[in-house]
Amino acid sequence: MADEPLILGIETSCDETGVGVVRGHTLLADALASSVDEHARFGGVVPEVASRAHLEAIVPTMRRALDDAGVTLADIDAIAVTAGPGLAGALLVGVAAAKGYALAAEKPVYGVNHLAAHVAVDTLEHGPLPEPAIALLVSGGHSSLLLVDDLATGVTPLGATIDDAAGEAFDKVARLLGLPFPGGPPIDREARAGSPDAITFPRGLTAPKDLAAHRFDFSFSGLKTAVARWVEAKQRAGEPVPVPDVAASFQEAVCDVLTGKAIAACRDRGVDTLVLGGGVAANSRLRALAEERAAKQGIRVRVPRPKLCTDNGAMVAALGSHLVAAGVAPSRLDLPADSAMPLTIVSV
Amino acid sequence: MLVLVLDSSTPAVTAALAEITAHAVAPRGERSVVDARAHGELLAPQVSEVLAEAGARPADLAAVVAGVGPGPFTGLRVGLVTAASMGQVLGIPTYGVPSLDAIGHAATHPRSGAAPEAGPVLAATDARRREIYWAVYDLAGERLAGPEVDTPAAVAERARELGVRVAVGEGARRYADILELPLRAGLDYPPPYALAELAAERVRAGAPGDQLTPLYLRRPDAVAAAGRKPVLQ
Ligand SMILES: [Zn+2]
């Protein structure tokens, strides 16, 4: 509908420069430039490399998004930008760019929370989100379980990783197995030829004593170490490493814990909608297992398509659109980038 | 022609307006705040303020002139991305000027009737990690050496070789004891009028704009974000 707000979203919190355009819940453009290849040889995202790439990419990515959407900045009602959490220097490029665009086009700007944006993006695919909902956000930087009471104003953190992020564990295990960075897609691929029951890897923070203090928290550091020990033992014994079995068994351990705790959170809070987001939500086993377990409990799982799970500008625009529709006031021009922006803050 | 001038290559965050006519560059307002940690917060409101003060709107701008450093990267990028994004919206060219050139130009072309400096001038800003960004200018303001990044001791030696007579810039002030050069006060940071003067010919000619790339001079510290990265990806 033409009278719904036309919102532009800018995302630069990690290694993807994203600019998205939405009208209401309708996705019009999702332009992306990635510096992932420049980070591959370091086995992780190098902050300064990411910041340099954002500066180079922002203007052409903006041009592409506007062209794809067939709009100009003069048509836009508001600009939303990821203000945090993320890499400080990378966030700063996006926030400063958003302010420049907003200033020059004389439009309001919203500094928004990246994690809330991962939840909001699902509205582009499945329409308005029932509230409350539980969201499981898993990626290379975060593994969080949250209660979404009201996406415009309040998100309650229920749990998070106490050490490595799930995506980070995928990257490290991929490296152990000689698979490329980022590790999620190649492990998913290898796992299809392997058995998830071949090796029993540990499920972090699922023992009764851990559940008391960390009911909805995650830990993947022990899992990563267990995989490393198992692989090294094989190598020391001069035996071949069964890559598909290790990949499948590792992936199963991660997905088992993530979905188990997410479903438990839904039941605990009496919530019947579970939203998955973040790069790891693109994992095929996570999706399948979540749906299988949720179905048994009468819980509906909402997962955006893989391209919308990973970082992009459309998710930021989607959240901006939600904020505008909810009548939330825009941010001030001195809004800071906040690398540690708490989950409880949806927009600044 | 009204131009917006931005520089964030030093702890001074600067936004200014200048009117460029056929023969002159006239300042039309300036906001400069020294705060090395708040470039991202300060710059946009400053732009908004100088425009409001001059009774101008963004659409009145004919060009954006930005100091491209060298300078600490994170802050420097704020000025450049602000210039680039505004230029894109307004459909106006953006011109990059080395920030050290502006200090060198100001030392050799002082605005207020003061005599220009004698002999080659060293312009230096703080590069952190006990190093300085530096360049040397002749009396006409032409760059003789630099921009480079070096330890103050190495710069002192180069300055002697080049016959430098006076030093300007916060980097020179900070390491005055090592540089052992006469120091000219009051020119710590790139003055916006000097940036505007250095871009004036291109502005008048309507020359094609620059893609604004920082003078990095240093390679990125290629260490992947360790441990818990704070972001999703
Ligand atoms: Zn993310």
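Domain bounds here come from an automatic or database domain assignment. The model is predicted: local features need pLDDT of at least 70, side-chain atom pairs count only at pLDDT 80 or more, and totals for chains, interfaces and linings use all residues. Residues are numbered from 1 along each chain as its sequence is written, and chains are lettered from A in the order in which they are written.

**Exercise 1.** State the domains of chain B and how far apart their centres lie.

Solution. Start with the bounds. Domain 1 of chain B covers 2–99 + 190–205, and domain 2 covers 100–179. Then take the C-alpha centres: they lie 22 Å apart.

**Exercise 2.** Describe the interface between domain 1 and domain 2 of chain B.

Solution. Count contacts (heavy atoms within 4.5 Å). 20 residues of domain 1 of chain B are in contact with 16 of domain 2. Next, take the buried area, the accessible area (1.4 Å probe) that two parts lose on being put together, summed over both. It is about 1,400 Å², with 63% from carbon and sulfur atoms. Pro70(B), Pro72(B) and Tyr193(B) supply 35% of the area that domain 1 of chain B buries against domain 2, more than any other three residues.

**Exercise 3.** Is Ser99(B) buried or exposed, and what does Ser99(B) touch?

Solution. Apply the cut-offs: buried means under 20% relative accessible area, exposed over 50% (1.4 Å probe, protein chains only). Ser99(B) has 2%, so Ser99(B) is buried. Now list its neighbours, not counting residues up to four places away in sequence: Asp7(B), Ser9(B), Gly67(B), Val68(B), Gly69(B) and Pro190(B).

Terms used:
Side-chain values use heavy atoms; hydrogens and water are left out.
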